[in-house]
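Hi,

Here is the structure I promised to pass on. Have a look first, and my notes on what I found in it follow below.

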Amino acid sequence: MNSTFNINRFWHLFKKEGFENFKRFATMIYLLWVIPIFTVLVNKIFRPGYITISDSRLMTILFFTSLLMVLTPSRLYANYNNNKTGIYRALLPASNLEKFLSMLSYCIIITPLLYFAGAIIIDSILTIIPGTDYKNFLFSTSINLNYPKLFESRMDLSIIILLITSSIMQIGIFSFFNMVFKKHKFSKTLLLVFAITLLLFITGTKFDEGCNLTHDEAYHIMFKVMITLIIITSLIAIATFYGTYYKIRNQKY
């Protein structure tokens with residue numbers, strides 16, 4: 001049973017975890033939904049007439065969505081590798097594959113999508129209400145990335161794909177180390193990710209200092225770098241998700 005999948009059994013587990021997860025995460029999602037309303041009130045008092053453009057609002061929503069994605073594993077599944085409380089999940093009448101897929105569903109889809117959809121609705125309502133100083137609906141204006149026409153379409157597409165693979169990779173990393181670390185799961189993983197990111201940034205800076213390229217050559221190299229990053233983030237995501245499943249399957253209590 002540990003590697004089998006039964007849709008009815010999975011659905012019962014999915015519903016059960018849904019009720020439990022909602023209690024654990026509802027407050028944080030509510031608070032994030034309230035932030036733009038609070039911001040509007042503060043601006044009306046201290047910065048009357050301040051215009052909030054759609055691009056900055058969208059970036060804020062995407063930032064909070066990313067924050068939720070990396071917080072979700074340690075918030076919802078903190079006890080999976082706990083020697084005392086983790087036995088509860090081990091005894092659930094579901095296979096390890098079903099438990100893994102349920103975890104992925106709430107970490108990758110349900111929680112971030114719930115916040116994102118609610119944030120878009122709230123932003124649209126605030127845009128409609130007179131006096132909020134919200135300029136334009138989200139997605140009503142295109143973002144100019146200032147790429148030459150030759151590179152514009154494929155660079156835009158590669159950036160979107162990289163954002164998706166990077167987000168999934170982040171969830172994979174935080175899910176895996178949620179199963180590895182016993183305490184301070186989020187902070188330890190965050191420090192690890194920060195150290196790796198800093199190392200890559202320093203390496204990229206050194207590479208950039210040694211290059212003397214023309215404008216077109218720089219964009220060609222940038223596109224190749226984007227493709228390379230997409231491949232790397234995808235491989236890391238696959239590896240970390242497999243590592244999470246392996247830990248669930250072989251967890252000892």
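Let me start with R9: its relative accessibility is 23%, so it counts as partly exposed. Before going further, please keep in mind that this is a predicted model.

What does R9 pair with? Its side chain meets that of E98 in a salt bridge, at 2.8 Å from N to O. The two come from distant parts of the chain, with R9 in helix α1 and E98 in helix α4, 89 residues apart. Is E98 buried or exposed? E98 has a relative accessibility of 0%, so it counts as buried.

K16 and E20 are separated by about one helical turn, because they are 4 residues apart in helix α1. In general, an α-helix has 3.6 residues a turn, so residues three or four places apart point the same way. K16 is partly exposed, with a relative accessible area of 33%, while E20 counts as buried at 18% relative accessibility. The cut-off for buried is under 20%, so E20 at 18% falls on the buried side.

Now the helices themselves. Helix α4 (residues 96-128) has 33 residues, and from its first C-alpha to its last it reaches 47 Å, close to the 48 Å expected at 1.5 Å a residue. Even so, α4 has a kink of about 40 degrees, centred on Y106. Helix α2 has 23 residues and reaches 32 Å from first C-alpha to last, close to the 33 Å expected at 1.5 Å a residue. α2 bends by about 35 degrees at V70, and a proline, P73, follows within four residues.

V34 sits in helix α1 (residues 7-46). With 44% relative accessibility, V34 counts as partly exposed.

Most residues other than glycine have a negative phi. You will find H184 in the loop between α5 (149-180) and α6 (185-209), and its relative accessible area of 60% makes it exposed.

Finally, the overall picture. The protein chain has 7 helices and 2 strands, and from the N terminus on its elements run α-β-α-α-α-β-α-α-α. Of its 253 residues, 37% are buried. Among contacts with a separation of 6 or more, 83% are between residues 24 or more positions apart. The accessible surface of the chain comes to about 15,400 Å², and 72% of that belongs to carbon and sulfur atoms.

Cheers

Conventions. Residues numbered from 1 in each chain as written. Predicted model: local features only at pLDDT ≥ 70, side-chain atom pairs only at ≥ 80, totals over all residues. Heavy atoms only, no water. Buried < 20%, exposed > 50% of the residue type's maximum accessible area, 1.4 Å probe, protein only. Expected span 1.5 Å × (residues − 1). Bend = angle between axes of the 7 residues up to and from the residue. Salt bridge = Lys/Arg side-chain N within 4 Å of Asp/Glu carboxyl O. Contact = heavy atoms within 4.5 Å. Areas by Shrake-Rupley, 256 points an atom, 1.4 Å probe, with all protein chains shown as cover.
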